[in-house]
Amino acid sequence: MLKLTNIDFDYDLFLKEYYSIKHNERDYARGGKSVDYWKVIRLKDLKSELVKSYVEDFKNKYNIPGKVDGRFYRLKANTTLPMHIDSGTKCSINFLLNGDGAPVIFESGEYTYKQALLNTSIMHSVINGDKDRILFKISIFELDFDQVSCLLSK
């Protein structure tokens with residue numbers, strides 16, 4: 001499930017920021033396994049005042065309580081992120097930084113977006129095309145998709 005959003009966001013600035021800290025990328029790891037085609041910059045590796053400031057402003061503007069984190073992800077070209085449910089993240093705002101990119105696939109269908117609220121607590125995947133898919137994600141841990149959707153609509 002996905003809802004397109006129109007949040008003020010500077011794609012070029014965040015893509016530039018991603019490239020400035022790309023050397024901090026790590027293979028995504030979960031449950032003792034890691035994959036080399038799904039890269040992430042988060043938590044201690046995310047040394048970005050821009051991200052911290054933007055996420056804090058976003059959280060305050062929309063009155064989102066609890067843990068909210070910003071992070072960068074890169075899905076390598078011609079790879080597939082299999083069906084999964086995000087670990088801990090109830091929903092997220094995703095910003096595709098480098099063009100339209102491959103659609104996200106839910107059991108209800110495929111959705112192409114530049115910016116959207118995603119329900120990450122249900123199964124979803126991505127079958128990537130011939131270029132890396134770079135995104136900035138705001139992970140929301142306390143509120144679910146419907147609750148955040150209501151807050152964004154106010």
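Q: Which residues have the most contacts inside the largest nonpolar core?

A: Here is the general idea: nonpolar side chains tend to be buried together in soluble globular proteins. In this predicted model, the largest nonpolar core has 31 residues. Phe58, Phe72, Phe95, Leu97, Phe136, Ile138 and Ile140 are the ones with the most contacts inside this core.

Q: Which helices and strands each supply at least two residues of this core?

A: The helices are H1 (11-21), H2 (49-61) and H3 (145-153). The strands are E4 (68-75), E6 (91-96) and E11 (133-140). With 5 residues, H1 gives the most to this core.

Q: Let's take one residue. What is Leu97 in contact with, leaving aside its neighbours within four places in sequence?

A: Leu97 is in contact with Phe9, Tyr11, Phe14, Leu15 and Phe72, and also with Ile134, Leu135 and Phe136.

Q: What does the second, separate core include?

A: That core has 16 residues, and Tyr28, Leu81, Leu96 and Ala102 are among them.

Q: Now the sheet. In what order do the 4 strands of the open sheet lie, and is the pairing parallel or antiparallel?

A: In general, strands of a sheet pair through backbone hydrogen bonds, in a parallel or an antiparallel way. Here the order is E5-E10-E7-E8, with antiparallel pairing. Strand E5 (80-84) and strand E8 (109-111) are the edge strands, each pairing on one side only. From one strand to the next, the twist averages 25°.

Q: Over how many bridges do E7 and E8 pair?

A: Strand E7 (residues 104-106) pairs with E8 over 3 bridges, in the antiparallel sense. To find one of these in the structure, look at Val104, whose bridge partner in E8 is Tyr111.

Methods:
Residues numbered from 1 in each chain as written. Predicted model: local features only at pLDDT ≥ 70, side-chain atom pairs only at ≥ 80, totals over all residues. Heavy atoms only, no water. Pairing = 2+ DSSP bridges. Axes fitted to C-alpha atoms, helices over the stretch in contact; angles between N-to-C directions. Core = buried A, V, L, I, M, F, W, Y, C linked by side-chain atoms within 4.5 Å. Buried < 20%, exposed > 50% of the residue type's maximum accessible area, 1.4 Å probe, protein only. Contact = heavy atoms within 4.5 Å.
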